[in-house]
Each structure stands twice: as C-alpha cells, then as structure tokens.
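Please read them with the structure open beside you.

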Number of protein chains: 2
Amino acid sequence: MSFENRKSETRDKIERAAERIIRSDGAARLTMRRLAEEAQVALRSPYNLYGSKTGLLIALLDRVNAVLFQDFQSDGAEWVLSEMIHTLDKTQKFYEADEEYHRGIFWEIMISDHPEAREDGHSNIVRIVTEMTVRAKAAGELRDGVDAIALGEQLGLSILSTMGSWAGGNLSMAQTIAHTKMVWISILLLAAKPEPAAALSKHFNGFGAPEKA
Amino acid sequence: MSFENRKSETRDKIERAAERIIRSDGAARLTMRRLAEEAQVALRSPYNLYGSKTGLLIALLDRVNAVLFQDFQSDGAEWVLSEMIHTLDKTQKFYEADEEYHRGIFWEIMISDHPEAREDGHSNIVRIVTEMTVRAKAAGELRDGVDAIALGEQLGLSILSTMGSWAGGNLSMAQTIAHTKMVWISILLLAAKPEPAAALSKHFNGFGAPEKA
DNA sequence: CAATTTTATATAACGCGTTATAATCCTCTT
DNA sequence: AAGAGGATTATAACGCGTTATATAAAATTG
C-alpha cells in the first residue's frame with residue numbers, strides 16, 4: 001500500500017469513528033481521546049491528518065456540503081429569484097434529514113478558536129448567493145441601480161447569521177428557513193422588477209412567528 | 001461588615017480584575033487562574049459567586065446592558081417605527097464606544113456550553129423589540145392583519161443572529177447595524193401603513209454591501 | 001462569650017484540546 | 001538487500017474550566 005493509501009485509510013477510520021460517535025452521543029461528546037479509541041488509532045493521528053479537531057469537523061462538513069451544493073443548479077423555474085427561494089427549501093430538506101448531526105458539527109466549527117474556519121463557511125455561502133443574484137441581474141429581474149453583488153452579500157449574511165442561531169440551538173431548521181425566506185422575500189420585493197416581484201409574493205406567508213423549537 | 005457586604009466586595013474585586021484583563025488582553029485571554037491572581041482571590045471564589053466563568057461574564061454584560069436599555073425609551077419621534085430605527089443607531093454608538101470589550105464578552109457567553117445563557121440574551125432582545133412593535137400596532141402604524149408579536153419576534157431574531165456574526169468577528173458593529181437596518185426597513189415597509197412607511201423609506205440607503213471589517 | 005453558619009482559602013485532581021519526545025512500523029529509493 | 005524518510009504509535013505533559021476536600025476566617029446567633 002502506498003503512503004497516500006495508508007493515509008486515506010487512516011482518514012477513513014477516523015472519519016467513520018467520528019460519525020459514529022456524533023450520531024450516537026452528539027458532537028459535544030466527541031473527544032479526541034474517545035475518537036482515537038473508537039477509531040483504533042493513536043491520539044496523535046487525527047492531528048497529523050487534520051491539524052486539529054476543528055480540521056476534522058471541517059472535513060466532515062465539506063463532504064456533506066458538496067452533496068448539498070450540487071443540488072443548487074438551475075432548476076428551470078421561470079425566475080432566478082424563484083430559484084433562490086427553492087434553494088432555501090432544498091437546504092431545509094437536506095439538513096432536516098439529519099438535523100442534530102449537522103447542527104452539532106456546525107456548532108463545534110463555529111465556536112472553535114480557528115477564525116479561518118468561520119471565515120471559510122462565510123465566504124462560501126456568500127459566494128453561492130451572490131452568484132444567484134448576479135444571474136438574476138443578468139436576467140433582468142432586478143431593478144436598475146440595484147447592485148447585485150451587494151444584494152447577494154446582504155442575503156448571504158442574512159442566512160448565515162440565522163444559521164448561526166440554528167447551530168446554537170435557538171432555532172429549528174424549519175424556523176431558520178422560514179425566517180430566512182421571510183427576510184429574503186421582503187428584501188427582494190424591493191430589489192426586483194414588478195413581474196418577478198409578483199412571482200415572489202406568492203411565496204410570502206406573512207410575518208408568522210416561527211413555531212417554538 | 002455583613003455577609004452581603006463581604007460578598008459584594010469580593011464580587012467587586014473580581015469584576016474589576018476581569019475588566020482589566022479583558023481590556024488589556026482580550027476576553028479570550030481571561031482565564032480563571034489569572035483572574036484569581038489579578039483579583040487577589042482564591043480560584044474557587046468566582047465559582048462561589050457566579051457559578052461559572054460564563055456566569056461572571058453575564059454579570060459584566062448585564063451591568064452594561066442595563067445602561068444601554070435605559071436609552072431605549074420613547075424619544076419623541078413622530079412614528080414608533082422611526083424610534084425603532086433610532087434604537088439601532090443608539091445601539092451602534094453604544095457598542096462602538098468599546099467595541100472589542102463588548103464583542104469579547106458576547107462571544108465568550110455565546111460559545112459557552114451554558115445554553116441558558118444564550119436563551120436569556122435571546123428572550124431579552126426579543127422582548128424589547130416586541131414591545132416596540134406592539135406599541136407601533138397600538139399607534140395604528142401597522143397594517144390590519146399584521147401580528148405585532150410575530151413581527152417583533154422576527155425582527156428580534158434578525159438583529160440577534162446578526163449580532164452573533166458580529167460577536168464571531170465576521171462583522172464590525174457598523175456593518176451589523178447597517179445590515180439590520182436594511183433588513184428591518186425591508187420588512188417594515190411591508191408591515192407598515194402608507195404614512196409611516198413613507199417615513200421609514202427615508203432611512204433606507206439601498207442594499208449597499210457593508211464595507212469590509 | 002461560645003457555638004453555629006456563612007464565606008473564603010489552599011491544594012489536588014479530573015477531562016478536555018493540544019504538543020513534545022521518542023520509538024516503531026512501513027513504503028520508497030538506490 | 002539496505003538505508004532513508006514518511007506515517008503511526010505510546011507516553012507524558014501543558015494550560016484550560018471545573019470540582020472535591022478540607023481548612024481558616026469572619027459574621028451571625030444563642
């Protein structure tokens with residue numbers, strides 16, 4: 001077996017063990033010593049491969065997010081702005097299928113003292129949202145004078161910080177998406193031209209408070 | 001000296017020392033051992049008085065927030081909804097006067113594994129914002145059919161989660177308030193009757209992206 | 001004043017993430 | 001086959017928040 005194969009086999013053992021522990025006892029109970037035992041690996045090995053506990057969690061998150069982000073392709077809706085709302089629904093469905101697992105990983109990454117980890121997730125989401133607003137602008141769905149990039153950054157910031165509240169356990173994923181949808185639609189109704197705005201307002205469900213978690 | 005006086009003297013020594021350390025080296029460098037040394041107090045004492053490090057930080061935060069919240073009284077603007085926007089400006093000014101100090105304390109409380117601490121801050125802010133939307137509703141500034149309490153919860157959630165991003169170091173306080181203002185106005189323009197809505201739109205500065213931190 | 005209760009102290013210890021040190025295994029190069 | 005170098009291991013240690021234990025000091029109570 002080559003060096004690389006050896007490494008990725010160790011990686012595999014570690015990531016599988018981490019998943020098992022998080023699924024059975026929650027991310028808060030994932031400790032490096034327990035992980036090493038469960039993965040049948042030296043305490044040092046995860047540090048060699050991921051640099052830190054946070055590095056390992058980011059690896060878990062990245063694998064999962066790759067699947068989600070694939071689902072963000074154009075879905076053939078009449079308006080790009082409608083696609084953006086559909087994207088929220090897809091996100092909700094995706095994370096809800098394994099909510100506690102994803103929430104725990106998010107949270108642990110978020111509270112780690114590796115600020116570059118937060119920064120990474122931040123710019124990732126902002127980039128995705130901004131690509132959509134730029135597409136909407138190119139499709140002529142936004143009013144003249146609306147800066148698509150600035151708009152995307154604001155919408156990205158909105159969902160990001162709300163997901164922070166989700167990660168902290170203050171909101172369910174359903175509440176998180178409901179709130180984000182309400183905010184996005186309120187903003188986009190101001191930014192959109194009349195026709196796509198009319199389409200958007202069909203998604204608007206009032207200011208209903210998110211049900212308790 | 002009475003029991004209570006003794007206790008509050010110890011409390012004072014501890015809180016002063018904590019402030020000194022946070023101001024000079026940042027909240028992340030506040031450790032219980034260093035605090036005990038700086039305050040000339042046993043390592044156990046802060047635990048006796050505050051229960052935990054988080055408890056101490058909450059005490060620091062509460063003292064400060066009491067001052068800020070006093071400033072949230074009705075300010076004689078023509079519309080309650082305008083007062084709400086002014087409240088954001090007051091908040092920005094207040095935290096900016098000592099931004100790193102407040103940010104550090106917020107962050108440490110936020111990431112502590114005492115979920116009740118987050119829950120406390122959460123309900124506190126939501127209560128304040130909801131009181132304002134209820135006043136606006138009573139003053140006839142909101143459209144018929146708008147649920148003032150649900151609206152307040154949504155606006156509260158919005159500023160809360162954005163301040164979470166601030167605490168995490170992803171935003172400056174100026175960016176935090178600029179974003180919140182944009183979101184609040186977008187939402188309130190939908191919820192408000194035409195006259196107060198016209199007043200609100202004067203506060204709207206477009207979707208300008210927050211400058212980099 | 002004496003007895004009790006409350007507060008504060010000193011010291012050691014736990015599990016945590018992480019790092020240092022040294023040794024051991026295994027792949028690659030020659 | 002032999003040596004070099006990378007990957008993994010075992011063990012101990014650090015500082016962190018927190019807790020246990022046992023003791024000293026001070027205020028309250030009788």
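1. In this predicted model, Thr91(B) touches Leu68(B) and Ile177(B), once its neighbours within four places in sequence are left aside. Thr91(B) belongs to helix α5 of chain B, which covers residues 80-96. Thr91(B) counts as buried because 20 other C-beta atoms lie within 10 Å of its own, and the cut-off for that class is 20 or more. A further pairing to look at is that of Thr91(B) with Met173(B), which are 82 residues apart along the chain but have C-alpha atoms separated by 9.1 Å.

2. How do α5(B) and α9(B) pack? The angle between them is about 170°, and their axes lie 10 Å apart. Because an angle over 145 degrees counts as roughly antiparallel, α5(B) and α9(B) are described as roughly antiparallel to each other. By class, the residues in this contact comprise ten nonpolar, three polar and two charged.

3. The residues that build this contact can be followed on either side of it. From α5(B) come Leu81(B), Met84(B), Ile85(B), Leu88(B), Thr91(B), Gln92(B), Tyr95(B) and Glu96(B), and they meet Met173(B), Ala174(B), Ile177(B), Thr180(B), Lys181(B), Trp184(B) and Leu188(B) of α9(B).

4. Helix α9 of chain B, residues 173-191, passes a simple check of its length: at 1.5 Å a residue its 19 residues should span 27 Å, and its end C-alpha atoms are 26 Å apart, which agrees. This helix is also mostly covered, since 15 of the 19 residues in α9(B) are buried.

5. Turning to the fold of the other copy, chain A has ten helices and zero strands. The C-alpha trace of chain A spans about 60 × 40 × 30 Å along its principal axes, and 39% of its 213 residues are buried. Of the contacts in chain A with a separation of 6 or more, 64% are between residues 24 or more positions apart.

6. The relation between the two chains deserves a point of its own. Chain A is superposed on chain B by a rotation of 180° with 0.0 Å of shift along its axis, at an RMSD of 0.1 Å, and that is the relation of a two-fold axis. The same surface serves both copies, in that 100% of the contact residues of chain A recur in chain B.

7. Which elements supply the contact between the chains? The contact takes 32 residues from chain A and 32 residues from chain B. On the side of chain A that touches chain B, the elements giving two or more residues are α7 (115-138), α8 (148-167) and α9 (173-191), and the largest share, twelve residues, comes from α8(A). That side of chain A divides into 16 nonpolar, 13 polar and three charged residues.

8. Most residues other than glycine have a negative phi. Gln40(A) sits in the loop between α2 (32-39) and α3 (45-50) of chain A, and is exposed because 11 other C-beta atoms lie within 10 Å, where 12 or fewer is the limit for that class.

Technical notes
Residues are numbered from 1 along each chain as its sequence is written. Chains are lettered from A and ligands numbered from 1 in the order in which they are written. This is a predicted model: local features need pLDDT of at least 70, side-chain atom pairs count only at pLDDT 80 or more; totals for chains, interfaces and linings use all residues. Helices (H or I, at least four residues) and strands (E, at least two) are DSSP runs, numbered from the N terminus. The expected span of a helix is 1.5 Å times one less than its number of residues. Two residues are in contact if their C-beta atoms, placed from the backbone, lie within 7 Å. Axes are lines fitted to C-alpha atoms, for helices over the stretch in contact, and angles run from 0 to 180 degrees between N-to-C directions. Angles under 35 degrees count as roughly parallel, over 145 as roughly antiparallel, 65 to 115 as roughly perpendicular and the rest as oblique. Ala, Val, Leu, Ile, Met, Phe, Trp, Tyr, Cys and Pro count as nonpolar, Asp, Glu, Lys and Arg as charged, and the others, Gly among them, as polar. Copies are superposed by least squares on the C-alpha atoms of residues with pLDDT of at least 70 in both.
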